[in-house]
Amino acid sequence: MLEIKNLHAKVDGREILNGLDLTLPAGEVHAIMGPNGSGKSTLSYVLAGNEDYEVTEGSITWNGEDLLDMEPDERAAAGVFLAFQYPMEIPGVATMTFLRSAVNAVRKARGEEEFSTPDFLRTVKEKAKQLQIDIEMLRRPLNVGFSGGEKKRNEILQMSLLEPGLCILDETDSGLDIDALRIVSDGVNALRSPERSMLVITHYQRLLNYIVPDRVHVLSQGRVARSGGPELALELEKSGYAEYGQDEASAA
Amino acid sequence: MDLPVQQFRTEAEQELLDLFERSVDALPGDASIAAMRKAAIRTYAGLGLPHRRVEAWKYTDLRGALDNVPPLLAELDVQVGESELEAAIGKACLGLPAYRVVVAAGEFRGDLSDIGALRDDGVEVVSLAQMLESPADWLTASLEDAAGCGDDVVIALNTALMTAGVALRLPEGLTLQKPIQLIHLDMIGASGSIFTRNVVVAEKGASATLIESFGTLGAKELQRNAVTTVSLAEKSAIHHVKLQREAIETIHLNVWAANVGTEARYNAFQLSAGAALSRNQVYVRFDGEDGATDISGATLARGRQHCDTTLVVEHNVPSCESRELFKLVLDDEARGVFQGKIVVKQDAQKTDGKQMSQALLLSETAEFDSKPELEIYADDVVCGHGATSGQIDEDLLFYLRARGLPEDQARALLIQAFVGEAFEALDDEAIGDALTIVAAEWLGTPLE
């Protein structure tokens, strides 16, 4: 279970999160919606441990542990996974090498045995197939020359390999056409389980047709302004974010 | 001897002259070689050791770095077994399938070299010392050509004092299936000077790979001067690879000079990780049209290491292509130098020359000096150069850490990725893999 209490966070001296409270029970999928600038991406970076974001007040506990006390890699080992809105390109690192390094680092930190090469290859091939990822793509440098859809599918592949307990999807739908959206959503839905919690951050309701959330929270000015069931997303689709302080047109 | 008068000589400068005087009678070679040596020491005496006010040595003060000059090292009975070789150049490189040639402690070691196998496969190969006694025309031509680099002090000293090495000639049309690995070693506990010369001649259409590995058996204050000249006839190809992991107190001076004939290709790759001070000079001269060269490499330096790579490519004829890519990883107070000169003569139309040097600085006190020089006298050419220096990208680091990689491992992976791009220049995958392992060991993250 993820518990966020009175979270305040700054980036470049500017306060973005301003007393955010959120509880995400095990096995549930919650959507975070809100206008641009409301703090959605900041929340994802703070959860993953990006040092550019300074937490000034409040607490985050994950399964009873103080998340703010952990390094980013320790959080990954503890089961936190952030699917990046803009996955990084790293020329010179083959995707496969990166995947194996990451999986084995996490397994080692969790006290599990590292994958042997054949076991690893078998696992990757199986999971890549579900996401319609060509194995040739994994021999290329990480995300270099990948299309937007390929990058996002690669993120979900990493998510399934690292077997996290908390999945944070930061605008995973951005830049995806309808076919790619379906493939990515199927991949995410396949990972839903009673032990796994998910935080799906999105600007648009569209993604939530595919990944149906248990709860929807609307962020405004760095805190949760409203919470409800999946129907709240549909309501926002009609009315827009005007009543939450900023609308799309004024977004940065 | 009547030497040109230099107004002032440092102790080391004088000791080099004394070293020559003391050794000259014992140095190998017939009368023609002796005359060549004398001319070379006169050249040196006129120039002295290079220092900061010599433009080509702007960032590497050799005169300041040499306090004195140890005696010539020439020990035949140095114990060299497989374990010594493995410790010296690393398991990965030693394990490469190759013809092995060993030059240890200033002596050619026929007993450790695959001379018979090389000859069986058609290569003319002779110990340099032996050949200097009655030099073949191709050897003399090569030596005279190198002596023509009038103001190069490293070559001049090498010509004057060379004691060992190999002369290799690949006859017309010969394609050597395995690389030749030439292993240069020092001697445990020794303080000494080593001057080696290798001569490679590739006749028309011949091709081969030559790996020169410099490793240490544990020398103290070694001064090494190693020169290799490569002559490439029409349509020949030489891939020349260097691994340098000398002892940390060593002064390493190295010149590769290649003359590239019509439609010939000379590729050079250098990985430098050892020595206190190293100066790596690569000279490539195009003598025939449609020649090509790729000179790439990586420098890994930490502590107070100083590593200088200086390239000069002369486009004398039309339609030749040159590519240069060097990557430097500099930590602590290490200093990396890259000087790349591309000269395009008036007749060398349709020249295509590109140069890039990139440094990754891992500490605030590391330093990178880059000096590209383009001298272009032709008007229809494509030439470009670039130099960058930077630090590890924090966003990339966060991405890797968010995937579970501990900070050290994430950093090492990013450094490896940075260096790895240079390794792509190596056509031979096995050699690329072996050198990648050397780089990974340097980073402290041995690959699986």
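Me: How many helices and strands are there in chain B?
Reply: Chain B of this predicted model has twelve helices and 19 strands.

Me: And how compact is chain B for its length?
Reply: Chain B is as compact as a globular protein of that length, because its radius of gyration is 21 Å, close to the 22 Å that the globule rule gives for 448 residues. Along its principal axes, the C-alpha trace of chain B spans about 70 × 55 × 55 Å.

Me: What share of chain B is buried?
Reply: That's 54% of the 448 residues.

Me: What about contacts in chain B between residues 24 or more positions apart?
Reply: Those account for 84% of the chain B contacts with a separation of 6 or more.

Me: OK, switching to chain A. How many helices and strands there?
Reply: Chain A has eight helices and twelve strands. Its radius of gyration is 18 Å, close to the 18 Å from the globule rule for 252 residues, so chain A is as compact as a globular protein of that length too. The C-alpha trace of chain A spans about 55 × 40 × 35 Å along its principal axes.

Me: What percentage of chain A counts as buried?
Reply: For chain A it's 42% of the 252 residues. As for contacts in chain A with a separation of 6 or more, 72% of them come from residues 24 or more positions apart.

Me: I'm looking at Met88(A). Where does it lie?
Reply: Met88(A) is in the loop between β6 (80-83) and β7 (90-94) of chain A.

Me: What does Met88(A) touch, leaving out residues up to four places away in sequence?
Reply: Met88(A) touches Asn143(A) in its own chain, plus Asp395(B), Leu396(B) and Tyr399(B) across in chain B.

Me: Why does Met88(A) count as partly exposed?
Reply: Because Met88(A) has 17 other C-beta atoms within 10 Å, and being buried takes 20 or more, while exposed means 12 or fewer.

Me: Last one: how far apart are Met88(A) and Ile211(A)?
Reply: In sequence, Met88(A) and Ile211(A) are 123 residues apart, and in space they are 24 Å apart, C-alpha to C-alpha.

Note on methods
Residues numbered from 1 in each chain as written. Chains lettered and ligands numbered in written order. Predicted model: local features only at pLDDT ≥ 70, side-chain atom pairs only at ≥ 80, totals over all residues. Helix = DSSP H or I, 4+ residues; strand = E, 2+ residues; numbered from the N terminus. Contact = placed C-beta atoms within 7 Å. Rg over C-alpha atoms; globule rule 2.2 N^0.38 Å.
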